[in-house]
There are 4 protein chains.
Amino acid sequence: MIVVMKRDATRENVERVKEEARHFDLEPIEMPGDERMIVALKGDERKVVTGRFKSLAGVSDVLPVLKKYKMSSRDTKWEDSVVDLGDGLRIGGKQQVVMAGPCTIETEPQLRAAANAVRKEGVRILRGGAYKPRTSPYAFQGLGLEGLKMIRAVADELQMKVITELMDIRKIDELCRYADIIQIGARNMQNYDLLSEVGKCGKPVMVKRGLSATLEEFLLAAEYIVSEGNTNVILCERGIRTFESEVRFTLNLGVVPILKNLTHLPIIIDPSHAMGRREYVTDMALAALAVGSHGIIVEVHCNPEEALCDGPQSLTPEMFTNLMNRAEKISAAVDMPLVRKY
Amino acid sequence: MIVVMKRDATRENVERVKEEARHFDLEPIEMPGDERMIVALKGDERKVVTGRFKSLAGVSDVLPVLKKYKMSSRDTKWEDSVVDLGDGLRIGGKQQVVMAGPCTIETEPQLRAAANAVRKEGVRILRGGAYKPRTSPYAFQGLGLEGLKMIRAVADELQMKVITELMDIRKIDELCRYADIIQIGARNMQNYDLLSEVGKCGKPVMVKRGLSATLEEFLLAAEYIVSEGNTNVILCERGIRTFESEVRFTLNLGVVPILKNLTHLPIIIDPSHAMGRREYVTDMALAALAVGSHGIIVEVHCNPEEALCDGPQSLTPEMFTNLMNRAEKISAAVDMPLVRKY
Amino acid sequence: MIVVMKRDATRENVERVKEEARHFDLEPIEMPGDERMIVALKGDERKVVTGRFKSLAGVSDVLPVLKKYKMSSRDTKWEDSVVDLGDGLRIGGKQQVVMAGPCTIETEPQLRAAANAVRKEGVRILRGGAYKPRTSPYAFQGLGLEGLKMIRAVADELQMKVITELMDIRKIDELCRYADIIQIGARNMQNYDLLSEVGKCGKPVMVKRGLSATLEEFLLAAEYIVSEGNTNVILCERGIRTFESEVRFTLNLGVVPILKNLTHLPIIIDPSHAMGRREYVTDMALAALAVGSHGIIVEVHCNPEEALCDGPQSLTPEMFTNLMNRAEKISAAVDMPLVRKY
Amino acid sequence: MIVVMKRDATRENVERVKEEARHFDLEPIEMPGDERMIVALKGDERKVVTGRFKSLAGVSDVLPVLKKYKMSSRDTKWEDSVVDLGDGLRIGGKQQVVMAGPCTIETEPQLRAAANAVRKEGVRILRGGAYKPRTSPYAFQGLGLEGLKMIRAVADELQMKVITELMDIRKIDELCRYADIIQIGARNMQNYDLLSEVGKCGKPVMVKRGLSATLEEFLLAAEYIVSEGNTNVILCERGIRTFESEVRFTLNLGVVPILKNLTHLPIIIDPSHAMGRREYVTDMALAALAVGSHGIIVEVHCNPEEALCDGPQSLTPEMFTNLMNRAEKISAAVDMPLVRKY
């Protein structure tokens, strides 16, 4: 940690900083500069109470040197983490995976049709929401438990794994019974009690990045789960909020190489929610693979015009087949083969 | 709702839009333009499944005309809502109120000292966190139930009301026993189950705006509470996330006149979290009153250098006294007298 | 154009809107709704003085239906525009092109080395700045005219075309003498006098998107050039400013399919400036091709540690060769073959 | 400057950093930490070529300690700068000033009416655009030279000073003849040739902050002018671009106390452009004074419905009188008396 003093800081101000440093077992080193005194603090700065130094008289700035997350950091574990779903299905490492299915579970025929369509293309992870976080209290909120049972049954039939969203901490046991991967939505990325709880349950968890979360906050959300002992964490970038209004969210693919540098956890991209229109989803899905992510999660609906939620961004089965065929070539070009299991 | 067709939309595309409109009890009106056909849909568009029209072939754009929130809207209730806390304390209408206290409840002496300091200046609403949403799992997480009991005791002693944050839906009963106003933090603004639950409990609720929530999303969060029957909702702007890095968050005071135009609910500003340094908090607090908000919530600590959380942004008692004296003049200048009850 | 009246708008307010509409040769059509009156205005709304209707009493909102740009719009010209540079070199349509070279022209040996390195990989468009827009007045500002002569000489020797930036409107003739494509930097995207002037000169122009320009503003900047008669305009996305701080700018690849839908002009992506570190540039360059852009512009330096500007983001020749080889496969996967001319 | 090495940096990497430091006359000090080596560089880091260190092998991060601007910095000049316009008119220091007038000069009667209205309230600085930066090439571009002559004549008649915008560097002499303060618009904040040129002319200059400029970039724009010898620079915050869509721009009043801490230059706020609707302008103008700025610049039009530009946000004379009366009280409350000269 580097403490930059104000130009007019006194000797007493500097001594106070050094005293505080020792209080936290940090060794202070004075570095008088031409214009300002700098005090470097040696040791594990993560133990320091945030803001303690910034609050001291004569202090201009405090620059942290270490990252606040530890177990999620590439510094702690050098090799890529791979989340094992069983039955030979893995997420992470030197391969790319596709998760697909409808946005929302509406009816069994609707779900089964979409599941068949994606299974046919070698997809083995079925997505589908039973609990839906809707901006408006007047919108369709999902089928709940009934939906969970439906997706489990269809997935078993087709030998697929299930990923579905958990919203309410009180429903965690219920969800664990039916899902293979628990999804934490962007709106709950900083619902810390929920994160701790899924950290305790042991199931693989995919955390979606909050709409305006920094990468540090994103990795600290993962850290809440990992620090409870659950290392099966998958990160998912799904778009951030910017002034850009022609797309719903700005999918920042640039974070993929950066996250791969910062953390050992796998990174999945969701192009459907960001782009908002199916015409745009395929192009962005291909880019998400070309940039080197560990895979994508996309919405597929056999009759998008009838969808109860997010119809405009759902791919039709034909579009999905086309996507998979191109995706395979892209994955090959970046040396991360696409997983297709028929 | 206005449906703008693509330039090359066919007659069939237009008919399909009209058919879909009638399905939702909307009356379609064709408006052929020089370059594009427009179909205006007359009726209550809030019943429409989002995206249904956008998903149809030949549709270029869909422009909503009505706001999605209803009960929170100024259209529904013309007069300002005033939240009555009892004992002659009210938030909203033609007056400005100050809530103050420490960021976090640390110890009873610390809490009592801060409470005394703000009570002395005529503040009757005491803030203080027992459960703290911390970005890092390794940071101090608050005293919990013990803290709630402490703040209730100190507040009763000084004839003050208590505002404190609820994070975990499972703690709602506990919190209702000790608090007068339940605070929903920015990170939980879209935790819909939590919102519905506090909507059922009847207590006054202050909802903080999410870091990147639009005003529509903000008002829909309020709508989740109001639609459960709890009309005692207070809105709180606490800063949004922008590229600006010299402040922690960009406090957008410009939303105050706009929100006052859109909704009848009272609006409180939190300048402490956004500004991050106490030297800046007073200036921004005064601006928050000058712009016509219904009040402010500020952090006060008698010994900020020792604070376990947010020390750098906490005002000292001397700074707080100075703020209150200036605030009174600003409030008078905008014809919304400052509430000070000794 | 759709004019939404306030809930309490009077008959007179509506009549005034209709009168104003007729003043601009628009035909007003009343559409009384359940909650609000809507007046649709039929005709070419681009002639309307902005804000005229918004300023009228009783008006709540004005929703434009047509885009403000005309000649750059896909509505006006359906087929892709292709910019012809001569000697069989073209930008746009169903192929992808690479422009490469050093950020800044420093010395002739430095320039020649980089030019040779990219020429060897089949690149025929050489980039290099003679005038540099530097944030600080104390930074290296470029070699100016001397640099222009240098890059022209090297390019001629290697049978390459030159793209270089114009900053000062007074230097336009000078630059036109030495460049094949004039680059307008992001900071000058709304320097309207400069845009009009390059619109008159006839040379191909590549306009970089401003750091916070909307797509409409971006296309209107192009429109300034096109409306002067110069249709050889290339758009370049180079990253927008968001709260994201781990990358310098957020490269929004999602705008590529959207721009391709809105305009017929070719779209180039600059991954170097956004990513800031060479380790990240290759991944993002491949994504930029996978998403379907018409090409990329990247910085290459034979000795980046010695670069006077933007060294950290410049690719080494080895990295560039690797990029080109992968790029070729990506381009094939999206059916837009990569142009490599040896 | 603090250089943070990667966890796996070698001895050679560290030595290379130290060698490079000495090359720039900086003294390197090694600070071995528990997890990473840190090398602190003592001396004037402003001479360092940006990115030189970031480009070296084994370097993880480079943290600058000093600000890049020098002459605009509060470190260089402790006392507030005051720009003297002559005739007893001053901007800066412990007072607040109002500049007002129409957005655009349309006709002499229109200009004179607005000028009279604001002069009557004690305003002595008249604003009005002769050259207008319009997003669309098809919009009204201003009266040009004729407009300059008009505003000079009206201002002289009423003993007022003139502030008006310079866009085209070739028009600088013309503008200097007619204006007392040259305004550099937000879109030209990084038009460096223009900045240098107005730096040479000596006239007071008001620089508007770019829509997405950081405070450092803003102050470096001022530095371009000051470093040419012109110290009469006024800063103007006019709103930044964020995801917020209900206002045109997000006016970040929080930068006022921060800028006052960083620089000695006066800071003016423009609430008109950000708010977009006159109903909101007054509230925000008062907040802009309460936060401690050195004044505001507002648009006034006697017949806003007929305005050729920005009518919706122009105050009527009645609204302006009301604003001035309230402003006077706000200014008194923050101990920065409002300048009104009848």
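**Figure 1. Salt bridges between chain B and chain A of the predicted model**. The two chains are joined by five salt bridges, a salt bridge being a side-chain nitrogen of Lys or Arg within 4 Å of a carboxyl oxygen of Asp or Glu. In one of them, B:Arg241 pairs with A:Glu217, and the closest N and O atoms are 2.7 Å apart. The side chains of B:Glu197 and A:Arg170 also meet in a salt bridge, at 3.3 Å from N to O. B:Glu197 is part of helix α5 of chain B, while A:Arg170 sits in the loop between β9 (161-165) and α4 (172-178) of chain A, so this pair joins two chains. Helices (H or I, at least four residues) and strands (E, at least two) are DSSP runs, numbered from the N terminus. A:Arg170 has a relative accessible area of 44% and is partly exposed. Buried here means under 20% relative accessible area, exposed over 50%, and partly exposed in between (1.4 Å probe, protein chains only).

Conventions for every view: this is a predicted model in which local features need pLDDT of at least 70 and side-chain atom pairs count only at pLDDT 80 or more, whereas totals for chains, interfaces and linings use all residues. Residues are numbered from 1 along each chain as its sequence is written, chains are lettered from A and ligands numbered from 1 in the order in which they are written, and side-chain values use heavy atoms, with hydrogens and water left out.

**Figure 2. The interface of chain B and chain A**. Contact, meaning heavy atoms within 4.5 Å, involves 53 residues of chain B and 53 residues of chain A. About 4,500 Å² is buried between the two chains, and carbon and sulfur atoms give 45% of that area. Buried area is the accessible area (1.4 Å probe) that two parts lose on being put together, summed over both. B:Tyr138, B:Arg277 and B:Glu305 supply 13% of the area that chain B buries against chain A, more than any other three residues. The rule for polar contacts finds 23 residue pairs across this interface, both residues at pLDDT 80 or more. A polar contact is a pair of N or O atoms within 3.5 Å; within protein, one must be able to donate a hydrogen and the other to accept it, and residues adjacent in sequence count only if both atoms are side-chain atoms. On the side of chain B that touches chain A, at least two residues each come from β4 (59-63), α5 (192-201), α6 (215-226) and α9 (278-290) of chain B. α6(B) gives the most, with four residues. That side of chain B divides into 19 nonpolar, 14 polar and 20 charged residues. Ala, Val, Leu, Ile, Met, Phe, Trp, Tyr, Cys and Pro count as nonpolar, Asp, Glu, Lys and Arg as charged, and the others, Gly among them, as polar.

**Figure 3. The interface of chain C and chain B**. Here 28 residues of chain C are in contact with 28 residues of chain B. The chains bury about 2,300 Å² between them, 61% of it on carbon and sulfur atoms. In chain C, the residues that lose the most area to chain B are C:Met31, C:Glu35 and C:Asp75, together 23% of what that side buries. There are four salt bridges between these chains, and four residue pairs in polar contact (both at pLDDT 80 or more). β1 (2-5), β2 (27-32) and β3 (37-42) of chain C each supply at least two residues of the side that touches chain B. By class, that side of chain C has 13 nonpolar, four polar and 11 charged residues.

**Figure 4. The salt bridge of C:Asp75 and B:Arg36**. The two side chains meet at 2.6 Å, N to O. C:Asp75 lies in the loop between β4 (59-63) and β5 (83-86) of chain C, and B:Arg36 in the loop between β2 (27-32) and β3 (37-42) of chain B, so the pair joins two chains. C:Asp75 counts as buried at 18% relative accessibility, and B:Arg36 is buried with a relative accessible area of 14%.

**Figure 5. The salt bridge of D:Arg340 and D:Glu328**. Their side chains meet at 2.9 Å, N to O. D:Arg340 lies in the segment after α10 (317-333) of chain D and D:Glu328 in helix α10 of chain D, so the pair ties together parts that are 12 residues apart in sequence. D:Arg340 counts as buried at 13% relative accessibility, whereas D:Glu328 is partly exposed at 38%.
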